[in-house]
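Subject: Handing over a structure, with notes

Dear colleague,

I am passing this structure on to you, and my notes follow below it. Please have the sequence and the structure open beside you as you read.

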Amino acid sequence: MGILREFEKRLEGLVEGFFARALPGGGVQPVELGKRMIRAMDEERTVGADGSTYVPNAFAFGLASKDFTRLDQIKGTLKKELVAVAHRAAANEGWLMVGPPEIQVVEDPRTKGGTFTVEARFVEGAPPEQQAGPQTQLIQMSLAADAELAQVGKNSRTWPLSKETVVIGRMDGCDVVLADRGVSRRHAEIRREGDEWVVVDLGSLNGTEVNGHRVNRHRLQPGDRVLVGDTTLEFRKP
């Protein structure tokens with residue numbers, strides 16, 4: 001399988017769930033926007049002075065009037081899901097963004113029905129007011145956490161879930177760092193969706209299981225056990 005085909009295969013796995021349901025009436029479908037956004041990230045990536053790969057984080061989609069009217073009915077969910085896909089794509093490919101993802105869906109009378117345009121840009125986010133050290137960050141997370149991950153077994157540890165996205169992996173930069181050779185550098189993420197949490201596999205080598213079943217994406221319930229490598233993490237809501 002060529003490099004391009006391997007990349008396309010990974011893209012297909014990133015756009016799922018909400019995007020798998022086609023809207024009635026034909027025309028542009030949400031899944032098309034998701035795939036084109038990831039393609040734009042790949043096409044316009046750039047390498048920084050530190051060797052890191054940066055990708056656009058702001059996307060403006062232009063649609064014909066009929067398509068815009070159809071998609072405008074679900075614009076809130078559509079934008080939220082596109083933001084989530086951008087996060088997953090960046091985590092899966094090891095890309096960095098200069099700010100949080102921003103999504104615009106606008107009506108463009110110059111665009112033909114069934115087609116759309118996309119403009120991808122780099123938009124810096126507001127700088128943090130204060131650089132917090134690891135201990136301060138842990139305290140800040142603990143104060144706001146409404147759920148947590150607990151490692152099951154001899155090396156019992158607990159991580160509060162107060163960020164929108166918590167990355168699990170073997171790499172030092174992850175939020176939940178596991179010294180487990182069966183765990184990929186960036187293995188999976190726990191992502192908040194409204195009042196609920198979802199676990200998403202990030203294209204890991206050995207996969208992610210929930211309660212004994214391999215998953216790509218799974219909505220978590222209290223007591224669910226997530227297996228990454230040889231490590232079991234239990235999802236809890238105190």
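Which element gives the largest share of the lining of the largest pocket? That share, 3 residues, comes from helix 4, where helices (H or I, at least four residues) and strands (E, at least two) are DSSP runs, numbered from the N terminus.

Before the details, a word on how to read them. This is a predicted model, in which local features need pLDDT of at least 70 and side-chain atom pairs count only at pLDDT 80 or more, while totals for chains, interfaces and linings use all residues. Residues are numbered from 1 along each chain as its sequence is written, and side-chain values use heavy atoms, with hydrogens and water left out.

The mean pLDDT of the chain (the predictor's confidence in each residue, from 0 to 100) is 82, and 81% of the residues reach 70 or more. Over residues 128–143, however, the pLDDT is below 50, and beyond near neighbours in sequence this stretch has 7 contacts in the model, a contact meaning heavy atoms within 4.5 Å. Where pLDDT is low, the predicted coordinates should not be read in detail.

As for the chain as a whole, there are 5 helices and 16 strands. Of its 238 residues, 42% are buried; buried means under 20% relative accessible area, exposed over 50%, and partly exposed in between (1.4 Å probe, protein chains only). Among contacts between residues at least 6 apart in sequence, 54% join residues at least 24 apart.

To return to the pocket: on a 1 Å grid over the protein atoms alone, a pocket is an open set of points with protein on both sides within 12 Å along at least five of seven lines, where a 1.4 Å probe fits, and lining residues have an atom within 4 Å of a point. About 800 Å³ of space lies in the largest pocket, a volume being the space filled by probe spheres set on the points. The lining has 20 residues, and H87, L96, M97, K163 and R186 lie nearest the centre of the pocket. Two or more lining residues are given by helix 4 and by strand 8 (165–169). By class, 11 of the lining residues are nonpolar, 5 polar and 4 charged.

Helix 4 itself covers residues 75–93, and its 19 residues reach 27 Å from the first C-alpha to the last, close to the 27 Å expected at 1.5 Å a residue, where the expected span is 1.5 Å times one less than the number of residues. Its buried residues include E81, R88 and N92. L78 lies in this helix and counts as buried because its relative accessibility is 1%; V85, also placed in helix 4, counts as buried because its value is 0%. After helix 4 comes G94, with a positive phi near 75°.

For V85 and K35, 50 residues apart along the chain, the C-alpha separation is 9.1 Å.

Finally, N211, in the loop between strand 12 (208–210) and strand 13 (213–215), has a positive phi near 55° although it is not a glycine. With a relative accessible area of 43%, N211 is partly exposed.

With best wishes

How values were computed. Ala, Val, Leu, Ile, Met, Phe, Trp, Tyr, Cys and Pro count as nonpolar, Asp, Glu, Lys and Arg as charged, and the others, Gly among them, as polar.
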